[in-house]
Amino acid sequence: MTTEVSDSVAKLLAEWRRERPDLDPSPIGVQGRVMRLAAHFQRRSEGWLVPLGLSWEAFSLIVTLRRSGKPYALRPTDLLAESLLTSGAITNRIDKVEALGLVERRPDPRDRRGAIIRLTPAGKRLADRAIADHVGGVEELLDPLSAAEQRQLAALLTKL
């Protein structure tokens, strides 16, 4: 049994069907919902990160280092590849997190021109707290879906 769920995107699709019956706007429905959900999740994430003194970028950086395992250190290019950050201004983001005392730069022994970004003990403690808050917050956001629906959604998004 399927249940029709209406949202603001459904109205948008209905309007396009009325105005351009020659087009099937359903792909826009997927895109619109994904984009709106991403923005919603981002805003909600900031709600539990800001009290910890973290932006999304700082959070992504420190938890990427934390999940990399001991010694909790990566090159900036590895941080970029492994994090949920965009390439713009990665050095600036590292600078800001370093100023908070959460990471430190060390010389890269394999490349004298490069650096290794390492999580400080304070950064590790904050990363552990922040990721616990984040997992709990995302669980709450996904609560309307059953565990099976969450697995199905993850599989479909992975396929895309």
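Of the 25 residues in the largest nonpolar core, which touch the most other members? In this predicted model, where residues are numbered from 1 along each chain as its sequence is written, local features need pLDDT of at least 70, side-chain atom pairs count only at pLDDT 80 or more, and totals for chains, interfaces and linings use all residues. Side-chain values use heavy atoms, with hydrogens and water left out.

The residues in question are Leu54, Ile62, Leu65 and Val103. A nonpolar core here is a set of buried Ala, Val, Leu, Ile, Met, Phe, Trp, Tyr and Cys residues joined through side-chain atoms within 4.5 Å; buried means under 20% relative accessible area, exposed over 50%, and partly exposed in between (1.4 Å probe, protein chains only). Two or more residues of this core come from each of helix 2, helix 3 (56-67), helix 5 (90-99), strand 3 (111-119) and helix 6 (121-142), and helix 3 gives the most, with seven residues. Helices (H or I, at least four residues) and strands (E, at least two) are DSSP runs, numbered from the N terminus. Leaving aside residues up to four places away in sequence, Val103 has contacts (heavy atoms within 4.5 Å) that include Leu61, Ile62, Leu65, Ile94 and Ile117.

Helix 3 also holds Trp56 and Phe59, three residues apart, about one turn of the helix. Both are buried, and they form a tilted aromatic pair, 5.4 Å centre to centre with 45° between the planes. A search of the whole structure finds one such pair; rings of Phe, Tyr and Trp (its six-membered ring) pair if their centres lie within 6.5 Å, planes under 30 degrees apart counting as stacked, over 60 as edge-to-face and the rest as tilted.

Turning to charged side chains, the count comes to 13 salt bridges, each a side-chain nitrogen of Lys or Arg within 4 Å of a carboxyl oxygen of Asp or Glu. Asp7 pairs with Arg33, the closest N and O atoms being 2.7 Å apart. Asp7 lies in the segment before helix 1 (8-19) and Arg33 in helix 2, so this bridge ties together parts that are 26 residues apart in sequence. Asp7 is partly exposed at 31% relative accessibility, as is Arg33 at 30%. Within helix 1, Glu15 and Lys11 sit four residues apart and meet in a salt bridge (2.5 Å, N to O). Lys11 is exposed, at 54%, whereas Glu15 is partly exposed, at 30%.
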